[in-house]
Amino acid sequence: MIDQEGLAAWLRLTLAPGIGGETQRKLLAAFGLPEAIFAAGRLAVRGVIGNHADVLFDSDPSEAVDRSLAWASQPGQCLLTLADTAYPQSLLEIPDPPSILYVRGNPALLQNRGLAIVGSRNATPQGLQTAETFARALAAKGLGIISGLALGIDAAAHRGALAARGATIAVIGTGADRIYPARNKELALAIAEHGTIVSEFPLGTPAIAANFPRRNRIISGLARGVLVVEAALESGSLITARLAAEQGREVFAIPGSIHSPVARGCHRLIKQGAKLVETAQDILEELGSRPESPGVPEVADTAGNGVILKALGYDPCALDDLVVRTGIGADQLLGELLTLELDGLIATLPGNRYQRLA
């Protein structure tokens, strides 16, 4: 880890108003560490970034620097800079890595490239269930789940990973000392305890609309691939998918009804070359990860699965008939059926019918 003096110089550089990431990287390339930038003096720095040098040397972010250092000294909180060995290597591959990251939770999880799951804030009940079930199944296989802590699909993905006791990372668009939206407070606290919350924005940064698309490059940058569950044509999730493709990450999309507005973004992605996903196994195979028993999808160890598969037989069966055959309530049965479908063991047919595949 960088010492306090060195970290203070990083904060002074990144907290100076009007000195954005591109300018910061120019200075780092020219002089090395931030301490060397300030030691070089105003004239030398002006030769690299012009009149922005005056802003850098005349601004006094000392109060914000002290507040950030105090925040990072608390248990479970830290700052990671581009020069830190703990900085996520995957972000060094993208064109505009953040110079500094504010981290709550376990920073080691940032080194484990997982899968980003994103989608609509105004998701359908089916979309929420799909996102949570996919996240739970993939996290159980060891993939970290990365998302943005937003309402809808993001929150469902985080919940699924936590339910599987897997790793999850929330990349947020506010300061790391803030929780947005407020409705996700309990979820954010659970992620901070069992996973990681990360932000590039200074402490105290409120929810500003322009910051959320910007943080999407970090969501995709930390991941091996991005799965879009539901997205309208103007969705921010499509920005994340585009960034993922530009960064050389895989892009996956789940198809939906041709009549659903939140399926149109996914259908556009598929037309543009995203991989159509029907089961969690599709993603595991594409990313080169295999279940523990090759060739046979792993079934969750619940009493319901065995009963359902036996009751299904190999002919199409209506949901109402399955309720009678299994004695399982319709709500619980729908959840079990979705899990079996994601595991590739059954298929959904028109008319609310199901058929066993394996």
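The lining of the largest pocket comprises 16 nonpolar, twelve polar and four charged residues; in this classification Ala, Val, Leu, Ile, Met, Phe, Trp, Tyr, Cys and Pro count as nonpolar, Asp, Glu, Lys and Arg as charged, and the others, Gly among them, as polar. The structure is a predicted model, in which local features need pLDDT of at least 70 and side-chain atom pairs count only at pLDDT 80 or more, whereas totals for chains, interfaces and linings use all residues. Residues are numbered from 1 along each chain as its sequence is written, and side-chain values use heavy atoms, with hydrogens and water left out.

The volume of the largest pocket is about 740 Å³. Of the 32 residues that line the largest pocket, Gln-126, Thr-130, Ile-254, Pro-255 and Glu-341 are the closest to its centre. Two or more lining residues come from each of helix H7 (125-140), helix H16 (330-342) and strand S11 (346-349). A pocket is defined on a 1 Å grid over the protein atoms alone as an open set of points where a 1.4 Å probe fits, with protein on both sides within 12 Å along at least five of seven lines, and lining residues have an atom within 4 Å of a point. Grid points are joined across faces, edges and corners, and a volume is the space filled by probe spheres set on the points.

The secondary structure of the chain amounts to 16 helices and twelve strands; these are DSSP runs numbered from the N terminus, helices being H or I with at least four residues and strands E with at least two. The C-alpha trace spans about 80 × 40 × 35 Å along its principal axes. Of the 358 residues of the chain, 51% count as buried, where buried means under 20% relative accessible area, exposed over 50%, and partly exposed in between (1.4 Å probe, protein chains only).

Nine strands form an open sheet of mixed pairing in the order S1-S2-S6-S5-S4-S3-S7-S8-S9. Strand S1 (77-81) and strand S9 (275-276) stand at the edges, each with a single partner strand, so one side of each lacks a neighbour in the sheet. Two strands are taken to pair if DSSP finds at least two bridges between them. S1 and S2 are antiparallel and share five bridges, with Val-103 of S2 as the bridge partner of Cys-78. Strand S2 (residues 100-105) is mostly covered, six of its six residues being buried. S2 also pairs with S6 in the antiparallel sense, over four bridges, and Gly-105 stands opposite Thr-196 in S6. Strand S5 (residues 168-171) and strand S6 (residues 196-199) run parallel and are joined by three bridges; Thr-196 in S6 is the bridge partner of Ile-169.

Ala-347 stands opposite Gln-355 in S12. The hairpin of S11 and S12 has three residues between the strands, and Gly-351 takes a positive phi near 80 degrees there.

In helix H2 (residues 21-31), the buried residues are Gly-21, Thr-23, Gln-24, Leu-27 and Leu-28. These residues lie on the same side of H2 because they cover an arc of only 160 degrees around the axis, the arc being that of the directions from the helix axis to the C-beta atoms. Exposed residues Glu-22 and Ala-29 are carried on the face of H2 turned away from its buried side. In helix H7, Ala-139 is buried, with a relative accessible area of 7%. Ala-139 and Leu-162 are 23 residues apart in sequence, and their C-alpha atoms are 8.3 Å apart in space.

Leu-149, in the loop between strand S4 (145-147) and helix H8 (153-163), has a positive phi of about 65 degrees although it is not a glycine; Leu-149 is buried at 2% relative accessibility. Arg-165, in the loop between H8 and S5, likewise is not a glycine and has a positive phi of about 55 degrees, but Arg-165 is exposed, with a relative accessible area of 81%. The peptide bond from Tyr-180 to Pro-181 is cis, with omega near 0 degrees, and Pro-181 is found in the loop between S5 and helix H9 (185-194).

A search of the whole structure for disulfides, defined as pairs of cysteine sulfur atoms within 2.5 Å, finds zero. Cys-78 is buried, with a relative accessible area of 12%, and Cys-266 is buried at 0%.
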